[in-house]
Amino acid sequence: RVAQSYVIATKTKVDISQVKVPETLTDDYFRRTKAEKKKKTEGAEIFQQSSKDYKVSQQRKEDQKTVDKQLTDAIKAQPQLRQYLKTLFTLQKGQFPHRMVF
């Protein structure tokens, strides 16, 4: 996800009707798992926090590659869109994004 302050709306459209999303992508697939809360106990255990780092599963990596490959193929089908998406967007003095048409 990207913050709205970094996004400029355009009229450019990419045909994603050919993109096939894997069946495993559901709401539960994107839901975060809640960490177990430990009961407070006496002693040094209070200060010892064992944080479990999130590891991306192999299934998620494969799903991401599958969807990304299809999206990049759709972007490559549009002339000059790939270069357009790579360019750094900046505004100069006197330029107003709500008045621009892309």
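**Close-up views of a predicted protein chain**

View 1. At 60% relative accessibility, Ala 77 counts as exposed (over 50% relative accessible area; buried is under 20% and partly exposed is in between, with a 1.4 Å probe and protein chains only). The model is predicted, so local features need pLDDT of at least 70 and side-chain atom pairs pLDDT 80 or more, while totals for chains, interfaces and linings use all residues. Residues are numbered from 1 along each chain as its sequence is written, and side-chain values use heavy atoms, with hydrogens and water left out. Ala 77 belongs to helix 2 (helices are DSSP runs of H or I with at least four residues, strands are E runs with at least two, and both are numbered from the N terminus). Between Ala 77 and Asp 15 there are 62 residues of separation in sequence, yet their C-alpha atoms stand 9.2 Å apart in space.

**View 2. The protein chain as a whole.** Three helices and zero strands are found in the protein chain. Read from the N terminus, the order of elements is α-α-α. Of the 102 residues in the protein chain, 7% are buried.

**View 3. Helix 1 and Tyr 29.** Tyr 29 sits in helix 1, which covers residues 27-30. With 15% relative accessibility, Tyr 29 counts as buried. Arg 60 is 31 residues away from Tyr 29 in sequence, and the two C-alpha atoms are 9.0 Å apart in space.

**View 4. The salt bridge of Asp 28 and Arg 31.** The whole structure contains two salt bridges (a side-chain nitrogen of Lys or Arg within 4 Å of a carboxyl oxygen of Asp or Glu). One of them joins Asp 28 to Arg 31, with 2.3 Å between the closest N and O atoms. Asp 28 and Arg 31 are both exposed.

**View 5. The salt bridge of Lys 69 and Asp 73.** Here the side chains of Lys 69 and Asp 73 form a salt bridge at 3.3 Å, N to O. Both residues lie in helix 2, where four residues, about one turn of the helix, separate them. Lys 69 has 52% relative accessibility and therefore counts as exposed, whereas Asp 73, at 38%, counts as partly exposed.

**View 6. Gln 80 in a loop.** Gln 80 occupies the loop between helix 2 (58-77) and helix 3. Its phi angle is near 65°, a positive value in a residue other than glycine. Gln 80 counts as exposed, with 65% relative accessibility.

**View 7. A nonpolar patch on the surface.** Tyr 84, Leu 85, Phe 89, Leu 91 and Phe 102 make up a nonpolar surface patch, and together they have about 440 Å² of accessible area. Patches take residues with over 30% relative accessible area and no salt bridge, joining like charges within 9 Å and nonpolar side chains (Val, Leu, Ile, Met, Phe, Trp, Tyr) within 5 Å; areas come from the Shrake-Rupley method with a 1.4 Å probe, and for residues only the protein chains shown count as cover. Leu 91 follows helix 3 (81-86), in the segment after that helix. At 37% relative accessibility, Leu 91 counts as partly exposed.
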